[in-house]
Amino acid sequence: MHKLWLVGGGSGQPDYLLPLAKQVLEQADCVIASERFLKLAAGKKQIPMKQLSALLEQLPTLLQTDSIAILVSGDPLLYSFYRTVRNRYPDWEITVIPGIGSLQLLGAKFGLTMEDAFISSLHGKHYTAGSIACAVAQHALTFFFCSAKDGVRQIAQALCQYQLSDTTMYIGADLTYETEQTWSGTPEQFCSAENPALCVTAVRNPNPKPVGTAGFLPDDAFLRNGAPMTKEEVRAVIISKLRLQPNSIVWDLGAGTGSVSITCAKCCPYGQVYAVEYQEQALDILRQNCAYLQAENVTVIAGRAETILSELPVPDCIFIGGSNGAFPEILRQIQQLPKPVRLVVSAVTLETQAEVTQLLQDAPQLEIVPVFSGQSRKVGRYHVLQPYHPVLLFACTGGKSS
């Protein structure tokens, strides 16, 4: 088999092709590249790069007769062709010639250093608005490879949707060409923008903070819009009493902002959480938080719990954070489940506490746990404790065979 090179062609302009890359293109018997890059190898035997799957099939045959240089845009090691070839032919000897990528070109235009940058791609990859926002939220600088279908507009809309409008976007299209254009501004300015075909985008976040991926997330990790949310100190006790397993099926009834649903999802990476909520304001922020915090194993169910529980998979654990007067009916349905389940109920008002106490007083393994928590507040040069509303947690076993 003859020699195979993967060559970074930079932007496609001759001035941005490295000297070593030029030497390899002269040395190779055949050059494979897109139409835009074949002009860099004039006079050589050329094969246009079209369908990648067909090219991968042909490579072993082509290498029997010719040494081949595959010329790609930017750098072959960054969201490019190297991984594809290596995955298909792991034992091949491949010589990589790096190139000047579009991210470096964009950084040079705006003076964006890349030491701590996070790099992502919307080009040919599955993404959500939440995944875009999650990347930007955690990093001071995030670079995105874009396409005409998925690019500037989608990034801007995601940042506005997830309350990251204080960031700055830097955009470069057709870099190093006569048609080059660059822009910078706030996400709002680009929410209706056209997506250039050859484009990269960077986003600077002045206030990056980590988005936790462990089970116990702080309150400020969640987006808020006025919908109720269980405080993190109370969540910690709820999770403890639910006795979650990595593959637990969980119902969160009255999910609100989604803080308990998402915490359960992080604790049950091989399980599934069904977050049931009927209030529109809560449903909106619940869906946003699931996307923002990448809780892919949370299924949001819109509707009143007492009317839809029979449609859900049988759970292992149930948390009831709110029932709006329907607790007796919900409990009746839980008691008809075909297996024992772990049930935890949160009650804040005296009326709810009295009702739940009466209905659960004979439940197996009943625990009633009061949770008193709060936060310190500064008063002058001193600190005082500001308590939250006390919460009663009821934990027991439910289900037909309990």
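Keep in mind that the model is predicted.

Let's begin with the sheet. Strands of a sheet pair through backbone hydrogen bonds, and they can do so in a parallel or an antiparallel way. Here, seven strands form an open sheet with mixed pairing. If you trace across the sheet, the order is β13-β12-β11-β14-β15-β19-β16. Which strands stand at the edges? They are β13 (298-302) and β16 (367-371); each has a single partner strand, so one side of each is left without a neighbour in the sheet. On average, and with direction ignored, neighbouring strands of this sheet are turned by 15° against each other.

β15 and β19 (residues 391-398) run antiparallel, and seven bridges join them. To find your place in this pair, look for Val345, which stands opposite Phe394 in β19.

Next, let's look at empty space. Rolling a probe the size of a water molecule over the atoms shows where such space is left. The largest pocket holds about 1300 Å³ of space. Its lining is made of 43 residues, and those nearest its centre are Ser73, Tyr79, Ser80, His123 and Phe145. The elements that give two or more residues to this lining are α2 (35-38), β4 (68-72), α4 (82-88), α5 (102-110) and β10 (199-204). Which of them gives the largest share? That is α5, with four residues. Sorted by class, the lining of the largest pocket has 23 nonpolar, 14 polar and six charged residues.

The second largest pocket holds about 880 Å³ of space. It is lined by 43 residues, with Pro228, Gly254, Gly321, Gly322 and Val348 nearest its centre. Some strands from our sheet come back here: among the elements that give two or more residues to the lining of the second largest pocket are β11 (249-253), β12 (272-277), β14 (317-320) and β15 (341-347). Helices take part too, including α9 (259-267), α12 (327-335) and α13 (350-360). How do the residues of this lining divide by class? There are 19 nonpolar, 18 polar and six charged ones.

Finally, turn to the aromatic rings. A search of the whole structure finds four aromatic pairs. A ring can also have a charged residue over its face: Arg304 lies over the face of Tyr278, at 4.8 Å from the ring centre.

Methods. Residues numbered from 1 in each chain as written. Predicted model: local features only at pLDDT ≥ 70, side-chain atom pairs only at ≥ 80, totals over all residues. Heavy atoms only, no water. 1 Å grid on protein atoms, 1.4 Å probe; cavity = no way out; pocket = protein on both sides within 12 Å on 5 of 7 lines; lining within 4 Å. Points joined across faces, edges and corners; volume = space filled by probe spheres on them. Nonpolar A, V, L, I, M, F, W, Y, C, P; charged D, E, K, R; others polar. Phe/Tyr/Trp six-rings, centres within 6.5 Å; stacked < 30°, edge-to-face > 60°. Lys NZ or Arg CZ within 6 Å of the ring centre and 35° of its normal. Pairing = 2+ DSSP bridges. Axes fitted to C-alpha atoms, helices over the stretch in contact; angles between N-to-C directions.
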